[in-house]
Amino acid sequence: MALHVWNVLGKAKNVCQATNLLVRWQSTVTMVDHGSTQIKQKAKPISEMPSPPAWPILGNLPLVMKNKLRMDKMFERLRKEHGDIYRVYVPGQGTMVILFRPEDIKTLYSNDGKIPKIPGFDMWEFIRKTSLKDRYTTTGLINNSQDWYEVRHKVQQDMMRPKSALYYLSEMEDIAIELAEKIEDMKGKDGILDPTALVQEFALEAVGCVFMGARLGALKGAGDGKRLIENQTKSMAIAMDLFFTPTSIAPYLPTYKKFVEYQGEAFDICKKHVDEAIAKLKDDDDTVIAKLVRKCGKDSAIPLIMGIDALQVGIDTTGSSAAFLLYHLADNLDKQELLYQEICNSIGPNGKMTESALGKMKYMKACQIESHRILPAIFGSGRRTDTDLVIGGYAIPKGTTVVRCGSTSSNDPASFADPEQFIPERWIRGCPERHNADSFANIPWGHGARACIGQRFAKLELYVLMVKLVQRFRMEYTGDKVETVTHLVSMPDKPINIMFIKR
């Protein structure tokens with residue numbers, strides 16, 4: 001406070017001016033403090049917040065379960081009926097406040113505490129501390145406890161450093177070339193193929209290369225890669241049901257037992273490969289696993305858990321993002337051609353990717369951002385509040401689940417003109433189409449300390465995928481508009497039958 005007073009007085013040229021400035025400063029501080037109190041006093045209680053009709057005890061659970069495969073559309077429809085902020089009640093999560101406006105989302109995230117709490121992570125933490133406690137000596141990053149903070153603190157520097165991802169540029173390029181060759185072999189006589197399953201295999205192969213130090217054979221459709229893909233597909237199909245299940249009753253449900261079985265099998269497969277990678281480490285290794293071992297110790301469980309967490313969140317999220325990206329390029333041939341020209345100008349029609357070329361490819365990066373804006377892999381995210389908040393004129397008590405419906409925010413015409421149109425130029429400085437949206441209108445990787453820790457690796461996977469496939473093929477899509485099915489991760493709601501025409 002004293003420092004602010006001296007800053008005020010330092011601007012004065014004489015005693016009279018200093019006195020006037022000090023009086024004005026004191027008045028401003030009083031008004032700000034009084035204004036904050038007034039906002040809290042004028043805020044409506046959460047009970048007055050709009051809400052759809054609810055059942056006794058079950059609340060809005062029947063509505064949610066009926067629409068669980070179209071959660072994004074359900075929340076968007078309810079917005080039209082109840083406004084920009086409303087609440088639903090679901091057993092297992094309690095009262096959930098739904099947000100859409102960037103300014104409300106900013107208020108939510110700006111009040112994060114030391115350990116921002118993610119709704120839904122409680123179930124993962126519960127499983128790892130109870131049913132799988134013999135395997136998990138640490139719960140890693142998918143939890144809401146001190147464990148998350150300590151693990152994140154140890155790994156974030158190496159994970160978020162750009163060089164850490166770029167170290168794998170050559171390996172990822174090889175995997176993308178293998179994908180392109182598989183597409184060439186598998187496409188029909190008419191050149192048409194739905195690449196959704198193949199890009200999931202690509203994503204798993206890339207995750208395995210980085211976090212398990214091994215090629216898992218996913219693109220060959222054999223071995224551990226095939227088992228992990230099948231396991232993950234089954235897990236994600238039932239994960240949303242567990243999101244709405246109280247931990248007190250979950251262990252008695254067949255769905256829970258199946259999920260634990262899948263998680264245990266995935267752990268065992270990953271452990272085998274991570275143990276092998278650690279045994280082969282050399283002192284001069286600069287791999288992610290080597291950095292984690294040096295930081296955490298050879299006996300630490302963190303390198304293994306990081307590999308498993310990367311598997312849990314990386315296969316489907318990067319796989320679905322890749323599928324949506326190829327759809328957008330194939331459905332917008334003019335934009336695909338601009339990307340191809342940038343690739344040719346940067347590395348040539350058959351050239352290999354380099355770090356310097358990657359840094360110059362602005363249109364490629366803009367294509368990734370724009371595709372992610374229109375069809376994000378995760379339709380929303382949220383927090384369980386650490387403190388009492390006022391959002392949208394309503395008092396929201398500490399401990400309330402607040403959900404950001406990101407897929408609606410990023411497609412809101414109030415933020416982005418012609419939001420359904422694929423316009424990569426929105427993200428390039430100096431272009432007439434450059435957007436002026438609030439930064440919180442589009443945050444597909446999350447925000448703050450809970451932002452996706454593997455996003456640099458995921459982005460690199462998508463960049464390499466784009467370059468190698470666009471170098472090899474002209475892609476065309478003439479089917480119906482693709483939207484999403486909302487499992488825990490959003491997936492295409494129909495086959496993306498793309499014609500791959502060799503250049």
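**Reading a hairpin, a fold and a patch**

Trainee: In which sense do strand β2 and strand β3 pair?

Mentor: Two strands count as paired if DSSP finds at least two bridges between them. Here, β2 (residues 85–90) and β3 (residues 94–99) pair in the antiparallel sense, over six bridges. Tyrosine 89 faces threonine 95 of β3. The model is predicted; local features need pLDDT of at least 70, side-chain atom pairs count only at pLDDT 80 or more, and totals for chains, interfaces and linings use all residues. Residues are numbered from 1 along each chain as its sequence is written, and side-chain values use heavy atoms, leaving out hydrogens and water.

Trainee: How many residues lie between β2 and β3 in the hairpin?

Mentor: Three residues lie between them. Glycine 92 sits in that turn, with a positive phi of about 100 degrees.

Trainee: Which residues have a positive phi although they are not glycines?

Mentor: Isoleucine 57 is one of them, at about 65 degrees. Aspartate 418 is another case, at about 45 degrees. Isoleucine 57 lies in the loop between β1 and α3. Aspartate 418 lies in the loop between α18 (406–409) and α19 (455–472).

Trainee: Is isoleucine 57 buried or exposed?

Mentor: Buried means under 20% relative accessible area, exposed over 50%, and partly exposed in between (1.4 Å probe, protein chains only). Isoleucine 57 has 77% relative accessibility, so it counts as exposed. Aspartate 418 counts as exposed because its value is 53%. Leucine 58 has 38%, so it is partly exposed.

Trainee: Which residues make the nonpolar surface patch?

Mentor: Nonpolar side chains (Val, Leu, Ile, Met, Phe, Trp, Tyr) are joined within 5 Å, like charges within 9 Å. Here Trp55, Ile57 and Leu58 make a patch of about 390 Å². Leucine 58 is in the loop between β1 (44–45) and α3 (61–66).

Trainee: How many helices and strands does the chain have?

Mentor: Helices (H or I, at least four residues) and strands (E, at least two) are DSSP runs, numbered from the N terminus. This chain has 19 helices and twelve strands. Its radius of gyration is 25 Å, close to the 23 Å that the globule rule gives for 503 residues, so the chain is as compact as a globular protein of that length. The radius is taken over C-alpha atoms; the rule is 2.2 Å times the number of residues to the power 0.38.

Trainee: What share of the 503 residues is buried?

Mentor: Buried residues make up 53%.

How values were computed
Patch = residues over 30% accessible without salt bridge, like charges linked within 9 Å, V, L, I, M, F, W, Y side chains within 5 Å. Areas by Shrake-Rupley, 256 points an atom, 1.4 Å probe, with all protein chains shown as cover. Salt bridge = Lys/Arg side-chain N within 4 Å of Asp/Glu carboxyl O.
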